[in-house]
Amino acid sequence: MKRILTACLALLLILFGGCKKAPEKTGYTVVASFYPLYISALNLTQGIEGVRVINMAGQQAGCLHDYQLQNKDMKTLEEADLFIVNGAGMENFLRKVAEHLPGLTVADASEGYDLIDENPHIWVSPKGNEYQVRSIAAALKAGDPEHREQYEANEKAYLEKLEALCEEMHGRLDGLSNRNIVTMHEAFPYLAAEFSLKIVGVINREPDSYPSAREIAETIELVNELQVKALFAEPQYSASAADVIAQETGAKVYTLDPVVTGEDSPDAYLSAMRKNTDTLLEALG
Amino acid sequence: MEFLDSILRAILPFEWANYEFMRSALLAVLLVTPLFGLIGTSVVNNKMSFFSDALGHSALTGIAIGVLLGIDHYMISMIGFALLFALLISGVLQHGNSSADTVIGVFSSIGLALGIVILSARGGFAKYSSYLIGDILTVQSEEILMLFVLLCAVVILWILFYNKFLLVTINPDMASGKNVRVNLIRHLFSIVVALTVMVSIKWVGILIINSLLVLPAAAARNLAKSARGSHFWAMGISLFSGISGLILSYYLGTVASGTIVLIAAAIFFLTFIWSLRKAGR
């Protein structure tokens, strides 16, 4: 018995003893909770040596409403120097992370932003995204002061691009006469507010749920009454409910991207928003 | 299809019947529920309710395989996997010495776990949640046509094989004595159950598809006096729960599939009490 115990103890020591000695850490590791923050962080850290950006949820995860934290995520976070989160209730798992990793610096990109109905989809409007970029840049500068100037230069450059995007979108969208839209999820209030679009109905009022017959019928009445021409679904979710409503009302289904999935490229946000502008023009013009 | 739709529209003077999606859902219910009553009776008689439940769970892995292969219509991979799954279960059952519920339980967990692992690998499980609770309101006309073909096929099979099948259920020894190929009939039935579950699971939902198979048949057992009669009772109860559940879900704003199952459950308990009282007399 004793011998077995000793053997077990020895095995445990071998297994876990090695783990304590983590490899020598080099550079500064930034983890973004999901895609839009990752793209912003990518722009801010461009060309800075020794700074690494990781997208925790991965390119295809979409919105984090129902995200289940996986073991690999905790491992990623353990190596992180800075964890950028969207905040405003998007990351349900934050408390769990804080319990396990009390030493991790967490930057809330939406802190201080004026929320519409507690809605976390701030980045979907270019102005909201600018706000988040500024928050992230501030956190980077505070956490990694060595590269302060480079962050500042990147911030300035990216904000200029976003500002130009916003102006371009205003130029193209401000002249629209029909501004009533129906969206699939509650992902677009900030975009609508920026460009004075009127969201008259949302098909799925709860994220990741399916509308009941009653709700579909109400949306159909609304679409008919207000003569809504366009229903906007998202590429990340099935559009079946929108298709049903379209069949019944003669409205058309278009795809509006809340930029929660996409390519691993710094310009992904800009190109997705330009595409959204094209879609809005086609649908409402 | 449009012809049927206009008939429904003309004969149903209700608020909910003004909507095409409700009429389509009603048509789908009119086709799916008798099918479930029919097959459910045999599932219950053969003590296979756990088997059909396992098949439902395997749908998740079927979807996952479809996603991995990049197929647009998951139905193909779901049916393929379910057939493999059904044959595997009956193969293991025939050759192993574990009891049926253990074997089916093992396969059921594998089907569910494998699906969950693959589908959440990219963190996007939410996209498939409609398969869990069903989505009968978005049924399309070509899908209704598919349900119709399936119903016809099952009814024809039933007419051809009913007596043999009943014999296999009641007395397999006597059946093989009469030159009925017991294993073939059993495999055929497994395949029919697998096909039905897979074709309808998108609208009924993985979580409750088995309730819809088992409940009407179980309630019918409380009422029917003969084996043949229990089929008709089961189809009738199934049809009634389907239609009333759909309409009720419209007025209450609840999920259609769950409402249908709750009504079937209420009917089961009513018939249960009725049969108790009858026995007590």
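From the N terminus on, chain B reads α-α-α-α-α-α-α-α-α-α-α-α, that is, twelve helices and zero strands. Helices here are DSSP runs of H or I with at least four residues, strands are runs of E with at least two, and both are numbered from the N terminus. This is a predicted model, in which local features need pLDDT of at least 70 and side-chain atom pairs count only at pLDDT 80 or more, while totals for chains, interfaces and linings use all residues. Residues are numbered from 1 along each chain as its sequence is written, and chains are lettered from A and ligands numbered from 1 in the order in which they are written.

Let's stay with chain B for its overall dimensions. Its C-alpha trace spans about 60 × 55 × 35 Å along the principal axes. The radius of gyration of chain B is 19 Å, which agrees with the value near 19 Å for a compact globule of 281 residues; the radius is taken over C-alpha atoms, and the globule rule is 2.2 Å times the number of residues to the power 0.38. Among chain B contacts between residues at least 6 apart in sequence, 71% join residues at least 24 apart; a contact means C-beta atoms, placed from the backbone, within 7 Å.

One helix to look at is α7 of chain B, residues 141-170, which bends by about 70 degrees at B:F161. The bend is the angle between axes fitted to the seven residues ending there and the seven starting there. The buried residues of α7(B) are B:I144, B:L147, B:F165 and B:V168, and they pack against α2, α8 (172-177) and α9 (182-204) of chain B.

Now over to chain A, which has ten helices and eight strands. The C-alpha trace of chain A spans about 80 × 55 × 30 Å along its principal axes, and 41% of its 285 residues count as buried. Chain A is divided into domain 1 (28-170) and domain 2 (173-284), with bounds that come from an automatic or database domain assignment. The C-alpha centres of these two domains lie 25 Å apart. Their contact takes 29 residues from domain 1 of chain A and 26 residues from domain 2 of chain A. On the domain 1 side, the elements giving two or more residues are α2 (35-44), α5 (126-143) and α6 (148-173) of chain A, and α2(A) gives the most, with five residues.

How do the two chains meet? 25 residues of chain A are in contact with 22 residues of chain B. On the chain A side, α8 (213-226) and α9 (240-249) of chain A are the elements that give two or more residues.

That leaves the nonpolar core, a set of buried Ala, Val, Leu, Ile, Met, Phe, Trp, Tyr and Cys residues joined through C-beta atoms within 7 Å. The largest one has 163 residues, and those with the most contacts inside it are A:I84, A:I136, A:I245, B:A25 and B:A28. Helix α2 of chain B (residues 20-45) gives the most to this core, with 15 residues. The core also draws at least three residues from each of domain 1 and domain 2 of chain A. Not counting residues up to four places away in sequence, B:A25 touches B:I136, B:L137, B:V139, B:L246 and B:A256.

Key: A residue is buried if 20 or more other C-beta atoms lie within 10 Å of its own, exposed if 12 or fewer, and partly exposed in between; C-beta atoms are placed from the backbone. Two residues are in contact if their C-beta atoms, placed from the backbone, lie within 7 Å.
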